[in-house]
Amino acid sequence: MNNFFQRLLLSAALLLMIQSAEAARIVVTIPPLLSAIKPLLTSEDQVTVLLTRGQSPHGFSMKPSHALALQRADIIVSVGSGVDQWAQKTIHNVERTHPVEVVTMTDIPNVTLIEGGHDEHHDGELHHDDDEVLMGINPHLWLDMDNIEKLVAVFSQALQKTDVAQAQEIAVKTKTWIAKLKATDNHIQQQLEPVKKVPYLVFHNAFVYFEKRYGLDNKGALHNSAERKAGVKRLVSVDDMIQNNQVKCVFQEPQLSNKQLTGLIKGSKVRLGTLDPLGDGSMDSAQFMQSLANQYLNCLAGKK
Ligand SMILES: [Zn+2]
């Protein structure tokens, strides 16, 4: 091979190295995790969301393409609760065999965890299952703004390690982003203050972190699990609450079938709202949490 081609090949190889060093391959299990990390990324970073758009994470299972994405990742972000337990075994395997940064929300120090309230997680006791998933907690812990901030801080460290050249820039973006999240948190707190005492029902207990943080008056859930249909007994007691006007709103969810819920409120004065616990990752977490707050406000304040 002549000298010219050798040099050409070498520079092409160098270019490839530079490119792969700049772009981080990031895999997140569910859309709200993308919302949390989005403001720290550049257009070169490649993000894969495992959960199919519009699907509930409850009862989801991975395809071979999902496992492949995990094997190729530089950084993997997951919740580590019952909500993405379908990914944990593969994540642990990848961790053992590849150099990868793994960020798991339930492993972050001082993250807020709320026990119980979600039947598919068995007995309500905190324990790790075979795939080291933290069970017994309510699994939707990304719906707490403080938890999102903690996730952002830990992810930022992982991204800085992966993309050393950009580390300083990432650190600056992180500061700005966390300040934005704190401001949004304060704004939501003020916004929801007037509707704190308005009683309502949810479809399944996905929102306890949000409700606890902002002091909302959730009177219960139609389902204890996201999978099963409500039994007759449960339906009767929910119907009682609706008929006695003990609740002003019931909230359906876009990812789950709401036939039972809409049937229950037919002919009553109870308002029907929608709460989306996931989003599709197109909003950042500040926008996403703000839109969730608006969803509460619209129904609870009677604007609908
Ligand atoms: Zn759930």
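Ile-26 stands opposite Val-47 in β2.

Ground rules for myself. This is a predicted model, where local features need pLDDT of at least 70, side-chain atom pairs count only at pLDDT 80 or more, and totals for chains, interfaces and linings use all residues. Residue numbers run from 1 along each chain as its sequence is written.

Overview. I noted 10 helices and 10 strands in the protein chain; these are DSSP runs numbered from the N terminus, helices being H or I of at least four residues and strands E of at least two. Of the 304 residues, 41% are buried (20 or more other C-beta atoms within 10 Å of a residue's own, with C-beta atoms placed from the backbone).

Sheet with β1. I traced an open sheet of four strands, in the order β2-β1-β3-β4, with parallel pairing. β2 (46–49) and β4 (101–104) are at the edges with a single partner strand each, so one side of each has no neighbour in the sheet. The twist averages 15° from one strand to the next. I take axes as lines fitted to C-alpha atoms, for helices over the stretch in contact, with angles from 0 to 180 degrees between N-to-C directions. Helix α4 (residues 85–97) lies across β3 (75–78) and β4, at about 150° to β3.

Sheet with β7. Here I found four strands in an open sheet with parallel pairing, ordered β8-β7-β9-β10. β8 (218–223) and β10 (271–274) are its edge strands, each pairing on one side only. Neighbouring strands are turned by 30° on average, direction ignored. I then checked β7 (residues 200–204), which pairs with β8 in the parallel sense over three bridges. His-204 stands opposite His-223 in β8. Helix α10 (residues 285–300) packs on this sheet and touches β7, β9 (249–252) and β10, where contact means C-beta atoms, placed from the backbone, within 7 Å. The direction of α10 makes about 175° with that of β10.

Helix pair. The axes of α5 (residues 145–162) and α6 (residues 167–192) come within 10 Å and cross at roughly 175°. I therefore log α5 and α6 as roughly antiparallel to each other, the label for angles over 145 degrees. Among the contact residues I listed Met-145, Ile-148 and Val-152 of α5, and Ile-170, Trp-177 and Leu-181 of α6.

Definitions and conventions. Pairing = 2+ DSSP bridges. Contact = placed C-beta atoms within 7 Å. Buried ≥ 20, exposed ≤ 12 C-beta atoms within 10 Å, placed from the backbone. Parallel < 35°, antiparallel > 145°, perpendicular 65-115°, else oblique.
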